[in-house]
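Subject: Structure handover

Hello,

Here is the structure I said I would pass on.

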Amino acid sequence: MEAPLHPHLPSDASRPHSPDPVYWVIPRHLAGDDGALAERIGDTLAGLGWRMWPTAWHTLLYMSPDGLRGAERILAAYPFELGGLPVAWQLSARTHAASSMTEWNAYFTAGIPYEALADLLVAIDAREAPDVGFRGHGKVLDALGARGWLRDVDRPTTTATDPGLASSVSLEMLPPLIQDADPRPDLMGWQAWAEPVLGAPYLWCATFSASVPHDLVAAFASSLASPVPVPRRTLPRNTEGRLTVVRLG
């Protein structure tokens, strides 16, 4: 069954009367995180064999077995936002396990589809050297183009937008607090966001520091733009008319 969201359903969540309803929805970039981002990403990292422990900053830190890759779950008390939304996860990579300095970092707010973040983590885990390969930013736009996203008319070499004009991935000047091993000012990095209703709050935001390998960003972008339906029990605010229920399960 394929149908748009019904207008009489609540704007913040859509729940039929049957117990534990599951919606299979498209597009993925507007599906939200189902309130399960921490659980799903934690399961992904555990499946990859990453170790976890709490830190003195009240976060949960996961490290890959070789110590070169990290994923930190940022709890609500941590005062860091992107686009007005609190950062939920920070990913990083370093050259040597004993190094105290990360080569790059990537940041993701709550609300991001957990499938895209999980696929990125799998790509990071599979990479022999997660800190090298900063060439060919066209890979990101090519990955989006292969999924039907459109290059921006004014910035065709740096920006792509979904056909519904609700989500974008763009090479932009980095906002404050984004950490990278390259100390130069005015660095460019990939940013992504979803804004289902123009002028309304963002659904989610993501920022990659300047040294994140483009093929890793491309893995994230390809998953984000995937046409495969995803299961959700709750549907995000402001997606009425943009999110399609493919079937109920």
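Predicted model: local features only at pLDDT ≥ 70, side-chain atom pairs only at ≥ 80, totals over all residues.

Backbone in the loops

The loop that runs between strand 2 (23–26) and helix 1 (37–47) contains Pro-27. The peptide bond leading from Ile-26 into Pro-27 is cis, and its omega is near -5°.

Two leucines have a positive phi. For Leu-165, a residue other than glycine, phi is near 60°. Leu-165 sits in the loop between strand 10 (159–161) and strand 11 (167–173). Its relative accessible area is 64%, and the cut-off for exposed is over 50%, so Leu-165 is exposed.

Leu-177 is not a glycine either, yet its phi is positive, at about 75°. The loop between strand 11 and strand 12 (188–194) holds Leu-177. Leu-177 also counts as exposed, because its relative accessibility is 60%.

Helix 3 and helix 4

Helix 3 (residues 138–146) packs with helix 4 (residues 214–224) at an angle of about 15°, and their axes are 8 Å apart. Angles under 35 degrees count as roughly parallel, so helix 3 is roughly parallel to helix 4. Their crossing is right-handed.

On the helix 3 side, the contact involves Lys-139, Val-140, Ala-143 and Leu-144; these meet His-214, Asp-215, Val-217, Ala-218, Ala-221 and Ser-222 in helix 4. Sorted by class, this contact of helix 3 with helix 4 has six nonpolar, two polar and two charged residues.

Regards

Note on methods:
Residues numbered from 1 in each chain as written. Heavy atoms only, no water. Helix = DSSP H or I, 4+ residues; strand = E, 2+ residues; numbered from the N terminus. Buried < 20%, exposed > 50% of the residue type's maximum accessible area, 1.4 Å probe, protein only. Axes fitted to C-alpha atoms, helices over the stretch in contact; angles between N-to-C directions. Parallel < 35°, antiparallel > 145°, perpendicular 65-115°, else oblique. Left-handed = near helix turned anticlockwise from the far one by under 90°. Contact = heavy atoms within 4.5 Å. Nonpolar A, V, L, I, M, F, W, Y, C, P; charged D, E, K, R; others polar.
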